[in-house]
Amino acid sequence: MDLSYIRTFLHVAEVGNFTKAAEDLEYAQSTVTSQIQALEKELGFPLFERMGRKCYLTDAGRDFLTYANDIQYILQKASNLKSQSEDTPISLRIGILESLLFSTVIDLVPLFKAKYTKADLFLRIGTAAELTEMLKQNHLDMIYISSSLNTDNTLSCCYRREERMSFVTSSGHPLASRKKLSLQEIFAYPLIATESSGYCCQTLQNLAANTGLEIHPTITINDIDAISLLLRDERSFSFLPECSVSKHLQNTSLTTLDVDIPIPTYYSQVLLRKSKWISPPMEHLISLIDALKPSKVASIGSGQQQE
């Protein structure tokens with residue numbers, strides 16, 4: 001089996017288009033087509049179905065993708081054994097939610113730079129949906145986001161931590177010392193909401209809908225630090241990831257409200273494209289995240305990717 005054919009197969013599977021794969025790999029489109037056909041003939045089953053300009057993996061193609069990724073991973077790791085030492089110039093493109101940047105990664109950058117002194121870090125802030133799409137398009141090497149568990153089989157999760165969302169307010173708020181609060185009681189006060197397309201706001205909308213309520217924010221802002229400051233009015237409340245306001249909760253300037261409804265769990269996750277090899281600098285950064293915010297499942301440890 002020609003290893004270059006596997007490389008071509010993985011790239012076609014990633015971009016979903018023979019023409020785009022040929023451009024990226026600097027091949028003629030006929031070369032990509034012939035390589036995939038040769039691979040299909042050797043395997044004895046079709047790998048792709050074409051619909052217009054797009055192509056999609058067949059069921060057998062999806063099964064083969066797992067093995068192809070394993071082959072690529074082993075080859076990449078073998079070829080990189082002597083590369084990317086601590087004094088090797090590297091570039092690492094990381095997509096991150098603003099809340100995770102300021103609650104976690106901002107404190108880890110000096111530690112990472114102390115080890116990889118010649119590393120260039122490019123940090124891109126965006127929503128989970130935006131960053132996930134950029135990762136799939138190979139515009140980012142890895143992303144650190146908060147959302148429901150990843151179910152996209154083109155992505156690999158190498159770190160995840162169970163997180164909590166809570167109703168947050170000032171410690172001086174009239175409801176701060178109350179127990180088993182209903183949503184009706186909480187919604188009687190002004191809501192400061194995160195952006196409507198974000199995971200927190202969507203979860204809050206679902207919680208409200210389940211009890212026949214609607215949310216009507218008095219302020220909507222996509223900056224959790226700004227929300228933390230605005231909550232000091234001792235009248236407003238917000239619905240936020242506890243990890244994003246952990247420092248304010250620790251110094252008791254903010255507190256969480258005790259509610260009588262279950263709040264769904266979500267996860268902070270580091271995701272990569274499935275075909276992406278975890279380089280030593282990437283592994284080191286993930287280990288720093290895991291050390292500061294220990295995962296509830298095994299982290300990458302020896303460098304193997306988790307599924």
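Author: In this predicted model, tyrosine 144 and tyrosine 159 are both buried.

Reader: What makes tyrosine 144 and tyrosine 159 an aromatic pair, and why is the pair called edge-to-face?

Author: Their ring centres are 6.2 Å apart, and rings pair if their centres lie within 6.5 Å. The planes stand at 75° to each other, and an angle over 60 degrees counts as edge-to-face; the pair is therefore edge-to-face. Tyrosine 144 belongs to strand 5 and tyrosine 159 to strand 6, so the pair ties together parts 15 residues apart in sequence.

Reader: How many aromatic pairs does the structure hold?

Author: The structure holds nine aromatic pairs. One of them joins phenylalanine 18 and phenylalanine 48: with centres 5.8 Å apart and planes at 80°, this pair is edge-to-face. Phenylalanine 18 lies in helix 2 and phenylalanine 48 in strand 1, so parts that are 30 residues apart in sequence are tied together. Both phenylalanine 18 and phenylalanine 48 are buried. Phe18 and Phe48 also belong to one aromatic cluster with Phe9 and Phe64.

Reader: How do you know that the charged end of arginine 50 sits over the ring of phenylalanine 18?

Author: The charged end of arginine 50 is 3.9 Å from the centre of that ring, and the limit is 6 Å, with a further condition of lying within 35 degrees of the ring normal. The charge of arginine 50 is listed as sitting over the ring.

Reader: Why are the buried residues of helix 3 said to line one face?

Author: Val32, Thr33, Gln35, Ile36, Leu39 and Glu40 are buried in helix 3. Seen down the helix axis, the buried residues fall within an arc of 165°, so they line one face. The face turned away from this buried side carries the exposed residues Ser30 and Lys41.

Terms used
Residues are numbered from 1 along each chain as its sequence is written. This is a predicted model: local features need pLDDT of at least 70, side-chain atom pairs count only at pLDDT 80 or more; totals for chains, interfaces and linings use all residues. Side-chain values use heavy atoms; hydrogens and water are left out. Buried means under 20% relative accessible area, exposed over 50%, partly exposed in between (1.4 Å probe, protein chains only). Helices (H or I, at least four residues) and strands (E, at least two) are DSSP runs, numbered from the N terminus. The arc is that of the directions from the helix axis to the C-beta atoms. Rings of Phe, Tyr and Trp (its six-membered ring) pair if their centres lie within 6.5 Å; planes under 30 degrees apart count as stacked, over 60 as edge-to-face and the rest as tilted.
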